Amino acid sequence: MTDWGIDWNAVRDEVTRHLQALIRFETVNPPGNETPLAEYLAGVLRREGIAAEVIESAPGRGNLVARLRGRGHGRPLLLMAHSDVVSVERDKWTRDPFGGELVDGRIWGRGAVDTKGLVACELGVMLTIQRLGLPLERDLIFAVFADEEAGGRYGACWMWEHRRDLIDAEFAINEGGGMALTLGGQRFYLCQTGEKGAARLRLTARGQPGHASMPIPDTAMQHAARAILTLSTHTFPTVLTPTVTRFLHEIGRALGGSVRQQIESALADPTWERLAALPLGPGERRLLYAMTRNTAVPTIVRGGHRINVIPSEVVVEVDGRILPGQEPEAFAAEVQRLVGPHVEVELTTRGRGLEADPDSPLFRMIAETMAELDPGARVVPYLIPGGTDAKCLPGITVYGFMPMRDHPEEFELAHAHDERISVSTLGFATRALFEIVTRFCAPRVRSR
């Protein structure tokens, strides 16, 4: 590590204060109302002499873009995250979800993990580079998008369509990765290089209505219930994408011995039974299950209007996620076969999965840097079961990486009650991202 004379404790504390401020902006989507948060970030950046712009795709839907200019030797690197958050059930929280409280070394609040924590870390990187006056070889862009939690229509997708000039880059660092996984005494950092597509479905079950005091067969409620049970218990076929194959290969090579043999055997005959038998913990096994198949999870049920009336129609919303290389229409047809003719299946979103090649200078820089910051650790590519704004930026190679070394369990607090992140995670992630960015964007300076 190059000694820049940086007080990393002071950087960590500043990032913490900014995260607390960001959490206090209630950017629940819908409606989002991200503009005040974007203006806050713009003010912080401008006071440091960094050009920043807030672009609204619609009233209140503000996107923040800032840029540190380089010498033009290579296309830009984009640091990206999103400012909107999912809703909360306040009565289920231990603390105010928009209070940004610092308690026992952790900042509490909606968005602490997903992804205001990353926003604060990337802001810290921008401020530190600017204060040091580091000459960059390529431009460094910082973008905080609105509307990620609802698909990006007012955020990254809108910016790519209408203001691509502000965010176009060769590579991007995004959310979705960085979780530390320990297997066989070896630490692996998961760098997101792929994600599943959102192929969401609406199931409509129909049947004869009637008085609820007189039960009748084949009602809409019965058809809907069977469809829900079918999808909730069905295991879709196991499919290994290039990302997951490489993920398993690299873990096997690192651990060697019988574990490597077991992994290679599972790769040669990739049934879920063989994959489930790998020496993984419950969390890792659950992740691997989602990484190796399409999934269809019923999440919302609507039907009926009076307690004593058998409804003629029941609607079930299904969160469908498909692997890269899978087609939404084919997935919907498969679900239709599963639920049968009494339930109509309609595609409501047609997202496709994506994969980015890990054989790149940026991925290698991430791996080299993490091996120095955390000796012996390895970075491996992986596929997240969910989706990110990467889908909106088809011309950019996007990697998800915010390293969580000390508290990897925080990764699972996204969208959960009592979402929170540790100060130590913020400090480590900010330093790691600073090292990665400066090595990649200012290689001549780093080599002196």
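Student: What distance separates the end C-alpha atoms of helix α8, and what should its 12 residues span?
Tutor: This is a predicted model, and the helix in question runs over residues 257-268. At 1.5 Å a residue, the 12 residues of α8 should span 16 Å, which agrees with the separation of its end C-alpha atoms, namely 17 Å.

Student: Which residues of α8 are buried, and how are they placed around the axis?
Tutor: An α-helix has 3.6 residues a turn, so residues three or four places apart point the same way. The buried residues of α8 are Ile263, Ala266 and Leu267. They cover an arc of only 100° around the axis, which puts them on the same side of α8.

Student: Which exposed residues does the face of α8 turned away from the buried side carry, and which helices are included in what covers the buried residues?
Tutor: On the face turned away from the buried side, α8 carries the exposed residues Gly257, Ser258, Gln261 and Ala268. The cover over its buried residues includes two helices, α7 (242-255) and α9 (272-276).

Student: How many of the residues of α3 are buried?
Tutor: Helix α3 reaches 24 Å from its first C-alpha to its last, close to the 24 Å expected for its 17 residues at 1.5 Å a residue. Just after α3, Gly133 takes a positive phi of about 65°. The helix is largely enclosed by the rest of the structure, because the number of its 17 residues that are buried is 14.

Student: Where are the cis peptide bonds from Asp114 to Thr115 and between Pro30 and Pro31, and what is omega in each?
Tutor: Thr115 is found in the loop between β5 (106-108) and α3 (116-132), while Pro31 lies in the loop between α1 (8-23) and α2 (35-47). For the cis bond from Asp114 to Thr115, omega is near -15°, and for the cis bond joining Pro30 and Pro31, omega is about 5°.

Student: How many aromatic pairs does the structure hold, and what geometry do Trp8 and Phe434 form?
Tutor: The structure holds 8 aromatic pairs. In one of them, Trp8 and Phe434 lie 5.3 Å centre to centre with 65° between the planes. This pair links distant parts of the chain, with Trp8 in helix α1 and Phe434 in helix α13 (residues 423-441), 426 residues apart. Both Trp8 and Phe434 are buried, and the geometry they form is edge-to-face.

Student: What geometry does the pair of Phe363 and Tyr399 have, and which residues do ring pairs link into a cluster?
Tutor: The ring centres of Phe363 and Tyr399 are 5.7 Å apart and their planes stand at 70°, so the pair is edge-to-face. Phe363 belongs to helix α12 (residues 361-373) and Tyr399 to strand β19, 36 residues apart, and both Phe363 and Tyr399 are buried. The cluster linked by ring pairs is made of Phe171, Phe363, Tyr399 and Phe440.

Methods
Residues numbered from 1 in each chain as written. Predicted model: local features only at pLDDT ≥ 70, side-chain atom pairs only at ≥ 80, totals over all residues. Heavy atoms only, no water. Helix = DSSP H or I, 4+ residues; strand = E, 2+ residues; numbered from the N terminus. Expected span 1.5 Å × (residues − 1). Buried < 20%, exposed > 50% of the residue type's maximum accessible area, 1.4 Å probe, protein only. Arc of directions from axis to C-beta. Contact = heavy atoms within 4.5 Å. Phe/Tyr/Trp six-rings, centres within 6.5 Å; stacked < 30°, edge-to-face > 60°.
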